[in-house]
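Welcome, and thanks for taking a look at this one with us. Here is a short tour of a few local features, beginning with the backbone and moving on to a helix pair.

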Amino acid sequence: MKNALKKLIDLGVQPHYQPWEIYLTRKLNSITLIAIVNMLLGILFFEITGYTQFIFECICSLIVLPFVIVLNVYRNYIWAAYWFYIFGYIFFIPMNLKMGLQSYIILFYFPVLISMVQLLGKKETLKHLIILSVFCLLSVIFITIGYKYDIYKVVLSADVINNMFIFNIILSFLTTLSFMIIMVYESITQENHIKSILKEKEILLAEVFHRVKNNMNIVTSLLNLKKGMSDSKEVQDALEDCRNRVFSMALVHQNIFNSKNIVGLNFKDYVKNLTSEIAKSLGEEEKFEIVLETEDVSLDLSNAIPCGLILNELITNSFKYAQQADKKLMVGVKLKKVNGRVELEVRDNGLGIPENSTKNHNSLGLELIKSLSEQINGAYSFSNENGLVFKLSFVSQ
């Protein structure tokens, strides 16, 4: 019985549906089944009490309501929703006018409106919610006019009205409760399903980061091996530069994998790890010092990798070209976020950079810095202030 009911509720669910579409279809089928049960209870009540003048509308409803599920299967949930709610508002008009205001049949509008808002209260279906709300308003206006001018009114005794009053209050309450239980149950199920999908994606992305990191580590190891096999100082320096560049990218993936946060990278921690590794790779750590003034800034992958490469180029260039025999090399790195923009500053206490060299210099390092800065749509500048100062500002996504 349970499996048969589940199959009935799942009718119309398509493989390509998004989670919210799946559960909207299921909710429509569920409230349709509740509406059918209500009609059966109404017929039973009217037969027992002898109020047969109300049975015709209930039988019509029993004929029409299954088409909601049919439309879910052969059309989609939008067609089914229009059929359910427009027919419902049409059904309410004669039933309200026949029973009268004192029967409190008007209370059935509440579960119907609650279900409509819960089903269609999304940006994708908002226009349909507005259209159906207009139909609801029109039916209420028509009923109000009908009450005022006694249109289509059946004269009922006080006992009949009292019985109707009790029946409608109880059934409308149970209907509202049933609708709410279905909405809450389906919403919780949908939320759990979405969490499960997100968890699977997080695991897959973490695995991707892990594999990329391992592959880049293999590349850095190969470059180290090749560097050790060469006797040429020029070749060794070139291989070391390449190794550092690959390592700076691999470190991004490593930090994201270790932090379990695939959305963004804590760039403050990344800068600490990167500068430490660069210092070790360059050797002679007693000859220079890297001073960090960094705030907690989160960057996504598309910004983190270019910034890491820029830092690598600037620090290694300072070590190669800014050292002076009479004083210790100091490299300062500042990182902060101001008004939605990330500001990165790298300075040293070396000789600075010759005028116009940033425009005319053929250095691969400088070309990389400029290219990477433009890649993240950053505003950058080089200047001399008792040493080289590089500033970069870009919008954090």
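## An exposed loop residue

Asparagine 386 has a relative accessibility of 75%, over the 50% cut-off, and therefore counts as exposed. Please keep in mind that this is a predicted model.

Asparagine 386 sits in the loop that links strand E6 (379–384) to strand E7 (388–395). Its backbone is worth a look too: phi is near 55°, a positive value in a residue other than glycine.

You will find tyrosine 104 in the loop between helix H5 (77–99) and helix H6 (109–120). Its relative accessibility is 38%, so tyrosine 104 counts as partly exposed.

## How H2 and H3 pack

Now for the helix pair. Helix H2 (residues 19–49) and helix H3 (residues 55–64) have axes that come within 9 Å and cross at roughly 155°. Since angles over 145 degrees count as roughly antiparallel, that label therefore applies to H2 and H3. The crossing of the two helices is left-handed.

On the H2 side, the contact is made by Ile36, Met39, Leu40, Ile43, Phe46 and Glu47, and H3 contributes Ile55, Cys58, Ile59, Ser61 and Leu62. By residue class, the contact of H2 with H3 comprises 9 nonpolar residues, 1 polar and 1 charged.

Methods. Residues numbered from 1 in each chain as written. Predicted model: local features only at pLDDT ≥ 70, side-chain atom pairs only at ≥ 80, totals over all residues. Heavy atoms only, no water. Axes fitted to C-alpha atoms, helices over the stretch in contact; angles between N-to-C directions. Helix = DSSP H or I, 4+ residues; strand = E, 2+ residues; numbered from the N terminus. Parallel < 35°, antiparallel > 145°, perpendicular 65-115°, else oblique. Left-handed = near helix turned anticlockwise from the far one by under 90°. Contact = heavy atoms within 4.5 Å. Nonpolar A, V, L, I, M, F, W, Y, C, P; charged D, E, K, R; others polar. Buried < 20%, exposed > 50% of the residue type's maximum accessible area, 1.4 Å probe, protein only.
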